[in-house]
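Look at the model below before reading on. The report then goes through its two chains and the contact that joins them.

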Amino acid sequence: MTYRIQKEAKKESMLINMGPSHPAMHGTIRIMLELDGERVLNAELEVGYLHRGFEKTCEHKTYFNLLPYTDRLNYVSPLINNLGYVMTMEKMLGIEAPERAQFIRVIMSELSRVSDHLTALAAMTMECGAFTAFLYYIQAREEIWKVIEQTTGARMTTSYIRIGGVRADLHPEIDPLLDKAIAVNRALLKDCHGLLDKNKIWLNRTKDVAVVSPEMAINYGFTGPCLRASGVSYDVRKAHPYCTYDQVRFEIPLGDNGDNFDRYMVRMKEMEQSLKIIEQARKKVPLSPPSVLTDGIEPAEAIKASRVKKTEAKITLSPNLEGSEKEVYPRILTKGKKYIVPPKEDTYTNIEGLINHFKFFMGGHGIRPQKGDVYFSVEGGSGEVGYYIVSDGTDKPYRLHLRGPCFHIVAALEEMIRGHYIADIIPTFGGLNMIGGELDR
Amino acid sequence: MEKKKITEILKEKFPEKIKETSAQFGDETVVIDRDFLLELSKFLMKEPYAYTMLLDLACVDYLGDDVRFEMVYHLFSITNNDRVRIKVRLSEKDLKINSLTPLWKNANWLEREAYDMFGVHFEGHPYLVRLFMYDGFEGYPLRKDYPLRKRQPIIPIRKKE
């Protein structure tokens with residue numbers, strides 16, 4: 001197959017491949033360039049190197065089982081992907097999570113947003129040679145991930161936010177870690193503003209490079225920081241508030257030029273706002289009473305006892321289930337046994353619990369929304385993460401389509417780099433925050 | 001005074017063209033014929049409706065229905081903060097629809113994806129080739145009659161030119 005760029009290229013210009021395995025093309029993408037010296041005359045993108053058939057796979061999984069696949073879309077902010085999918089399902093099922101769970105979701109998605117921005121900026125700065133800034137960003141991200149790991153049990157593939165609420169309550173000892181994470185991030189923002197804002201090398205590669213006008217941004221379907229860098233004020237958290245975003249105060253930072261520098265600046269300012277949201281939200285979720293995991297009877301004993309008569313004693317759960325005891329359920333999960341996994345204590349010790357468990361996991365049972373189709377979106381790290389789900393009334397989605405924010409943004413790269421130097425491609429590409437898992441699905 | 005819904009406005013404006021309207025789960029939806037898509041999009045794009053953003057484009061395969069495919073467009077208006085969904089049914093024998101690339105630039109890739117996954121032809125598209133799959137891929141993977149674990153033939157190594 002001959003590519004368009006091969007056909008259209010001038011005879012005297014040079015064609016060169018950037019990627020798919022190029023250190024700056026993180027996420028495997030191929031940019032074919034038509035060059036005149038060092039200037040880009042034309043470009044063509046080839047994507048799909050990370051295509052795993054996410055949508056096809058989801059059509060063959062039950063609504064509950066496909067949740068882990070959503071982790072792997074935008075793998076630097078998996079919690080927001082979970083949230084998007086889960087809220088779409090909740091809209092379809094007509095259920096709502098308890099308020100505590102809503103605030104936990106807000107905290108978690110803001111933590112993810114910060115880690116998303118940190119990753120994007122870390123990659124962008126490193127590729128411009130600012131290795132110090134890279135290390136600072138990654139160190140700060142580590143602190144965020146420690147908080148996430150403590151509560152969700154995983155750093156990246158969390159599957160923490162569940163239909164009807166969240167999987168477990170916040171960890172009882174989250175406070176010191178969260179304090180540290182916020183403090184480290186505040187210090188980082190200050191440091192990195194100092195390192196980069198007036199740095200001549202950085203400014204040369206970012207100021208007035210790859211300018212996107214507001215009209216072009218809208219026409220390409222930009223959302224998130226890239227749209228706001230062009231000066232268009234649109235944020236799903238404000239426009240269509242979900243969870244409890246209407247109860248916290250925050251601002252939407254805007255850029256005025258739409259160049260690489262603005263995309264960097266908007267991300268930096270957004271992190272500040274995210275930290276503010278986390279601080280407000282954590283006041284609304286007072287820490288849970290200490291976990292009751294340690295002072296119960298052993299599960300094996302409880303099962304044995306339950307064979308004779310119904311047991312009421314507390315049971316020591318595996319540490320993997322921390323924060324998801326039966327008593328915590330009303331605080332973090334919606335009522336209605338149709339939509340949530342029954343508590344493990346019930347499953348193992350009484351027959352109703354066991355039946356509920358089977359009813360939830362058996363093929364053809366479980367979560368079965370009514371016929372119809374639904375679209376819902378949340379504000380992800382790089383823009384609006386939307387899910388379009390078609391249900392045919394069974395326990396598997398008939399069709400699931402993801403609106404990945406960076407799909408629309410990367411589509412504009414060809415036009416953005418036209419007329420610039422090769423060296424400008426790297427910060428431009430970094431500033432778009434392309435995530436292969438989400439783009440190629 | 002409550003603002004008039006876009007579906008009602010469209011119903012009044014184009015009584016013959018709008019086949020159906022619905023608002024399941026609060027998502028405003030209009031169903032139209034494919035010939036009307038470009039005209040409707042142009043109408044919606046202008047003030048005062050200003051649906052200036054093509055939010056999403058998806059195709060759904062209803063295998064076994066008389067009219068097999070359905071294109072689903074989501075438009076979004078930033079100024080009015082409003083979404084609308086447009087649905088167009090396409091039959092398998094005549095799987096063609098007007099391209100929206102003259103209006104929205106991101107329609108380019110979105111339509112390439114729909115072509116790649118479902119084999120929908122977009123008339124007027126400047127460069128309709130597969131987006132995610134490679135050249136030489138057989139079939140359309142997201143169609144319902146494409147098995148989940150189907151193996152593809154090995155493609156020959158490209159010759160040096």
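The model is predicted.

**The contact between the chains**

Chain A gives 31 residues to the contact, and chain B gives 28 residues. On the side of chain A that touches chain B, several elements supply two or more residues each. The helices among them are α2 (54-59), α4 (78-93), α9 (214-219) and α17 (405-410) of chain A. The strands are β6 (372-379), β7 (384-391) and β8 (397-403) of chain A. By residue class, this side of chain A holds 14 nonpolar, ten polar and seven charged residues.

**Strands β6, β7 and β8 of chain A**

Strand β7(A) pairs with β6(A) and also with β8(A).

| Strand pair | Sense | Bridges | Residues between strands | Glycine with positive phi |
|---|---|---|---|---|
| β6(A) and β7(A) | antiparallel | eight bridges | four residues | A:G383, near 150° |
| β7(A) and β8(A) | antiparallel | six bridges | five residues | A:G393, about 90° |

A:V390 links to both neighbours. Its opposite residue in one pairing is A:D373. In β8(A), its bridge partner is A:R399. Seven of the eight residues of β7(A) are buried, so this strand is largely enclosed by the rest of the structure.

**Helix α5 of chain A and its partner**

Helix α5(A) runs over residues 99-127. After α5(A) comes A:G129, with a positive phi near 100°.

Helix α5(A) packs against helix α19 (residues 422-432) of chain A. Their axes lie 8 Å apart, at an angle of about 175°. Angles over 145 degrees count as roughly antiparallel, and the two helices are therefore roughly antiparallel to each other. From α5(A), the residues that meet α19(A) are A:A123, A:M124 and A:E127. From α19(A), they are A:I426, A:P427, A:G430 and A:G431. The residues of this contact comprise four nonpolar, two polar and one charged.

**The fold of chain B**

Chain B has three helices and seven strands. Along the sequence they follow the pattern α-β-β-α-β-β-β-β-α-β. The C-alpha trace of chain B spans about 65 × 35 × 25 Å along its principal axes. Of its 161 residues, 34% count as buried. Among the contacts in chain B between residues at least 6 apart in sequence, 45% join residues at least 24 apart.

Five strands of chain B form an open sheet with mixed pairing, in the order β1-β2-β5-β4-β3. Its edge strands are β1 (20-22) and β3 (53-61) of chain B, each pairing on one side only. Neighbouring strands of this sheet are turned by 20° against each other on average, direction ignored. Helix α2 (residues 37-45) of chain B packs on the sheet. This helix touches β2 (29-32), β4 and β5 (82-90) of chain B, and its direction makes about 175° with that of β5(B).

Note on methods: Residues are numbered from 1 along each chain as its sequence is written. Chains are lettered from A and ligands numbered from 1 in the order in which they are written. This is a predicted model: local features need pLDDT of at least 70, side-chain atom pairs count only at pLDDT 80 or more; totals for chains, interfaces and linings use all residues. Two residues are in contact if their C-beta atoms, placed from the backbone, lie within 7 Å. Ala, Val, Leu, Ile, Met, Phe, Trp, Tyr, Cys and Pro count as nonpolar, Asp, Glu, Lys and Arg as charged, and the others, Gly among them, as polar. A residue is buried if 20 or more other C-beta atoms lie within 10 Å of its own, exposed if 12 or fewer, and partly exposed in between; C-beta atoms are placed from the backbone. Two strands pair if DSSP finds at least two bridges between them. Axes are lines fitted to C-alpha atoms, for helices over the stretch in contact, and angles run from 0 to 180 degrees between N-to-C directions. Angles under 35 degrees count as roughly parallel, over 145 as roughly antiparallel, 65 to 115 as roughly perpendicular and the rest as oblique.
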